[in-house]
Amino acid sequence: MNFDFSEDQKFVQRTAAEYLADHAPLSVCREVLESDQPYAQELWKGAAALGWLGTTIPEQYGGAGLGYLELAVIAEEVGRVLAPIPFGGSVYLATEALILAGSPEQKQRYLPRLAAGEIIGAFALAEGAGQTAADRVATRFDHGTLSGSKVPVLDGGVADFAVVVARGEQGISLALVDLDAEGVSVEPVTCFDPSRPQARLEFAEAPAQQLGEAVDGLALVERVIDGAAVLTAFEQLGGAARAFDITRQYLLERYAFGRPVASFQAIKHRLADLWCEIELARSNCYYGAWALSCGEAELGVAAAVARIAASDVFCKATQEMIQMHGGVGYTWEFDCHLFYRRAKLLAASLGSTSGWKRKLMDRLTQAAA
Amino acid sequence: MDFSDTPEEAAFRVQARTWLETNATPRTTEGSEYESLGERIGEAELAAAKGWQKKKADAGWACLHWPRAFGGRDATPIQTVIWSQEEARFKTPPNIYLIGHGMAGPTLMIHGSAEQQQRWLPRMLSGEEVWCQLFSEPSAGSDLAGLRTSAVRDGDYWVVNGQKIWTTGAQFCDWGILVARHDPGLAKHSGLTYFVVDMRSPGIEIRPITQIDGGQGFNEVFFTDVRIPDSNRIGEVGEGWRVAITTLMNERATVGTLSGDAFGSADLIDLAARLEVDGAPALANAAVREKIASFHVIAKGVELTGRRIVSDLSQGKMPGPEASLMKLLGARLIQDMAAYAMDLQGEAGAMVGVDDAAHQGRWQYRYLAISGFRIAGGTDEVLRNIIAERVLGLPADVRADKGMAFRDIPRGG
């Protein structure tokens, strides 16, 4: 039994960690946050050059042909440095949807350029405030045209194309639309985490095509979201672990009442509790990665469990980060808010925690019935 | 990522299962029954436990993790886990040997003389003699090194006076491992010496403790002028703390018996399907569902963390103090789930009768018993300190009694 990543996968992770340590200090994230640039273009090129963007893309389409376990460990490192690049929307969602359901022509058209970093994809599901549910979308996809409004769309502002969850005569399906097409408008929105901008996409009879065959679209959408949830959970895990490390280090160095703040039991016990919750989330994330790579039957439950644990712990770790830093944690100058913002952004994208809890119970009780 | 056995592990599992199948009866009901932290062992259970241990010893299935030189099997940690998993599938008597096989035995192997090892280990292994632990005292729990039971040298003997507490199975045990203070003039940790005591010695009085849930697994043990031969001393005079640490570290070797299954939410889902909220099954209620989902995430996380520990063992790595998190989070989870299960039962949540309460009252009993799990074997607070200091490398607590002679340490009421 080996409920852990292999030595090869750990090597992939170390390589990613080393590259990001050099090329993605938190100042890179801050630069995007404080400027108009929507993402760190140099870092994105580096990710492409290292093959990360095509990790799971088959070699025939220019990818590395690796598995989800390799992508999961890269995601953890991407999350650890709060990389301000459209990794989630393009890699976990748009690319995965194409790999899972695209026709050979569609794959040939998009995947090689996705792997090379020449184009960026996005996944459009949400339609404003409230519960995000694939089976309740109003956006229409009929006879090759798309109409409706999608907001917020993570990475929508920088994407070249989008995979859109829409309703047609056959029910829910995924539509593939180029964002420079006629009838498409892309507007920026004001973001809680400007280091990972979202956008509003409006479609007015925009030309679009069905992604792959017209099959059970809802099941496909759920599968894409579950996979992305697992990979995002690794980003959240990486972010939580980094927030924890920074906080721990700060508390060891800062003195109060003549001793390191980290020596007070009120602090020690809270750090111990937080560490336990991060490790617990790690176990749940590993389970999600296992299910995604070789335990498809358990993916529904495993993805929800990983997602909920990782969302909760990243948010909690960043709340504790600010609290334990004291006043400076509340300043723009310190990096705490970069983590605080990212945690909430990732917890919101792909649907809220309460929504995932409903999904988890549906899946648990269905499995039992 | 692979949950399945390696070929070697699979072969060992088959070997273990084959022996168990011809020598024991499979367990029929799944383990959702209530389990107390301590139950009094009667004559019949004692005889059954000794019989089962003898049977295993004769066939070479006793104390797998012990070296062959001491009658064990030199089993790897993962083999010990596999054996525990397989044995758990069968109806077996209560395990009265945890202290002996898991803690006292390994301590004797390291700190005992060849003569002491020869004298005690074989009959410990075969189960003829049962061992208990005499460490905790009424005023020395988390602060174990603050113990006060005294041992005064008298020729070839030591004379012991004082009181021990939380001793499991003291009534039927043959031997006890004892830490006592030989010199209160020394600093706290320096004045301790470690002994093996014959539990039938004159001057030992044993009184059972009735627990919060009515069980009587533990005892108080009183020592009045109990004479222990110096040949029963383990390690040098004044080395008691170091020897005791060996014993306590070996508590972790029993990690193989940890099972995440006990933390599952399936039992709670079953309860919610039987009860009603607003005229519909509680399981259909949105608030109830969200609550159970939250429990499930933690339950699954604890279970999977257990699997990560077993996986480490399989890979030849020893788990560190990280294992503490399973107890810390697992016990709180069970307490929270039991509290919620009682809440779901409405006014009937305050009934415990097998006939009256839902699920035969097991949530109520669980709620009582779990409060002890959060204290036994390291309180939540001690576990947090262990994690903070040994895993996270945070500074040790400031100790008010550091360097003081034991007799000068303030001791309150």
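Domain bounds here come from an automatic or database domain assignment. On that basis, chain A splits into domain 1, residues 122–215, and domain 2, residues 218–368.

Before I go on, some ground rules. This is a predicted model, where local features need pLDDT of at least 70, side-chain atom pairs count only at pLDDT 80 or more, and totals for chains, interfaces and linings use all residues. Residues are numbered from 1 along each chain as its sequence is written, while chains are lettered from A and ligands numbered from 1 in the order in which they are written.

Back to chain A. Taken over C-alpha atoms, the centres of its domain 1 and domain 2 are 28 Å apart. Contact means that the C-beta atoms of two residues, placed from the backbone, lie within 7 Å. By that test, domain 1 of chain A puts 14 residues into the contact and domain 2 of chain A puts in 12. Which element gives the most to the domain 1 side? That is strand 5 of chain A, residues 171–178, with three residues. Helices (H or I, at least four residues) and strands (E, at least two) are DSSP runs, numbered from the N terminus. The domain 1 side of chain A has seven nonpolar, four polar and three charged residues. For those classes, Ala, Val, Leu, Ile, Met, Phe, Trp, Tyr, Cys and Pro are nonpolar, Asp, Glu, Lys and Arg are charged, and the others, Gly among them, are polar.

Now chain A as a whole. It has 11 helices and 10 strands. Its radius of gyration is 20 Å, close to the 21 Å from the globule rule for 369 residues, so chain A is as compact as a globular protein of that length. The radius is taken over C-alpha atoms, and the rule is 2.2 Å times the number of residues to the power 0.38. The C-alpha trace of chain A spans about 75 × 50 × 40 Å along its principal axes. Of contacts in chain A between residues at least 6 apart in sequence, 74% join residues at least 24 apart.
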